[in-house]
Amino acid sequence: MRVLVAGASGFIGTALVARLRESGHEVVRLVRRRAEADDEASWSPASGIIEFTVMDRVDAVVNLSGASLARIPWTKRYRAEILDSRVSATRTLADAMRKARTPPGVFLSASAVGYYGDRPAELLTEGSPAGDGYLASVVSRWEAQARLAPAETRTVTLRSGIVVGAGGAMRRIERLTKFGASGRLGTGGQHWPWISLDDETRAIEHLLTSELSGAVNIVGPTPATADRVLSALAERMRRPYGIAVPEVALKTGLGVMAEELLLASQKVRPQRLLDDGFRFEHATVEQAIDAMLSSRGARVR
């Protein structure tokens with residue numbers, strides 16, 4: 001397939017482009033400058049501008065564009081950027097597909113498990129309703145833009161969790177662990193949906209040729225609490241795990257970010273992926289952490 005990728009230079013995008021090319025797909029990367037190579041096309045998502053012929057020349061579009069959730073702090077201005085960057089990019093792509101004479105057959109658009117809000121004690125599948133809170137609102141508006149793609153384009157919204165790999169949120173967590181500053185966050189019993197970087201990109205590739213449409217949870221098959229994720233990383237890095245941070249301290253220091261990312265509990269199941277025959281390489285978060293550390297020669301216990 002000829003696949004157009006927005007966000008190709010990011011943490012997930014870089015790994016996805018490599019995987020698609022290894023599988024024999026042709027990749028066209030969207031860049032926010034003048035295109036300088038045959039595998040590039042230019043766009044300005046904030047302005048709604050994109051190379052006008054590109055959608056007639058590709059079979060599928062993968063949208064991974066959006067401001068990082070791992071950046072600190074989430075000021076009022078940055079929260080607006082988190083929303084605007086996702087909505088404008090997705091709208092620009094959907095508009096371009098509607099204007100194409102031969103729209104791409106597939107649109108895979110990034111989303112997030114933030115859609116479900118803080119839902120302790122619930123098992124969440126794609127059939128679960130939206131939750132409350134800032135990220136739930138962001139994701140609802142983000143996915144609404146993806147649904148504006150033309151009817152003939154099969155559209156999937158990729159509700160991802162924490163991607164366990166050398167980048168994104170795990171880079172910050174790993175750095176704290178390295179310096180012995182890791183420990184329980186709040187009660188530690190809140191569920192953190194996770195997925196290995198390998199399985200994230202494998203799932204996206206799988207969905208290129210699947211028949212699924214609509215929301216798909218892109219998370220690992222075995223739920224894990226925050227305490228399990230953080231203690232497993234500390235154990236494998238042979239670092240202490242003992243600095244407990246109370247909820248009130250997290251909320252005071254990080255505000256909305258603490259409530260939405262660190263303390264929210266989301267026990268999410270990848271029901272539709274499993275039913276579609278997808279098989280995970282890393283079934284537990286411990287396996288995902290081992291893969292992350294071994295991928296760059298880090299010492300694993």
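Some conventions come first. Residues are numbered from 1 along each chain as its sequence is written, and side-chain values use heavy atoms, with hydrogens and water left out. The model being predicted, local features need pLDDT of at least 70 and side-chain atom pairs count only at pLDDT 80 or more, while totals for chains, interfaces and linings use all residues.

Let me turn to the annotation. Residues 3–217 are 34% helix and 22% strand, with end C-alpha atoms 21 Å apart. For residues 245–291 the figures are 57% helix and 4% strand, and the end C-alpha atoms lie 28 Å apart. Helices (H or I, at least four residues) and strands (E, at least two) are DSSP runs, numbered from the N terminus.

Eight strands form an open sheet with mixed pairing, in the order 4-3-2-1-5-6-8-11; two strands pair if DSSP finds at least two bridges between them. Strand 4 (49–50) and strand 11 (214–218) are at the edges with a single partner strand each, so one side of each has no neighbour in the sheet.

Strand 8 (residues 154–160) runs parallel to strand 11, and five bridges join them. Leu158 stands opposite Val216 in strand 11, and Ser160 stands opposite Ile218.

Helix 2 (residues 76–99) touches strand 1 (2–6), strand 2 (26–31), strand 3 (40–44), strand 4, strand 5 (60–63) and strand 6 (106–112), and its direction makes about 170° with that of strand 5. Helix 3 (residues 134–146) touches strand 5, strand 6 and strand 8, with a direction at about 175° to that of strand 6. Contact here means heavy atoms within 4.5 Å. Axes are lines fitted to C-alpha atoms, for helices over the stretch in contact, and angles run from 0 to 180 degrees between N-to-C directions.

Strand 8 also pairs with strand 6, in parallel, through seven bridges; Val106 stands opposite Arg154 in strand 8. How many residues of strand 8 are buried? Seven of the seven are, so strand 8 is largely enclosed by the rest of the structure. Buried means under 20% relative accessible area, exposed over 50%, and partly exposed in between (1.4 Å probe, protein chains only). In a regular strand the side chains alternate between the two faces of the sheet. In strand 8, Arg154, Val156, Leu158 and Ser160 point one way, and Thr155, Thr157 and Arg159 the other. For strand 11, four of the five residues are buried, so this strand too is largely enclosed by the rest of the structure.

I now move to helix 4 (residues 168–178), whose buried residues are Met170, Ile173, Glu174 and Thr177. Seen down the helix axis, these fall within an arc of 100°, so they line one face of helix 4; the arc is that of the directions from the helix axis to the C-beta atoms. They pack against strand 9 (162–164), helix 6 (226–236) and helix 10 (285–294). Just after helix 4, Gly180 takes a positive phi of about 70°.

Finally, two residues. Gln190 is in the loop between helix 4 and strand 10 (194–196), and at 5% relative accessibility it counts as buried. Its side chain reaches the backbone nitrogen of Gly188 at 3.1 Å, and a polar atom of that side chain lies 2.8 Å from the backbone oxygen of Leu262. A polar contact is a pair of N or O atoms within 3.5 Å; within protein, one must be able to donate a hydrogen and the other to accept it, and residues adjacent in sequence count only if both atoms are side-chain atoms. Not counting residues up to four places away in sequence, Gln190 touches several residues, including Leu185, Ala224 and Ser265.

Ala15, in helix 1 (residues 11–22), is partly exposed, with a relative accessible area of 24%. Ala15 and Asp198 are 183 residues apart in sequence, yet 8.1 Å apart in space, C-alpha to C-alpha.
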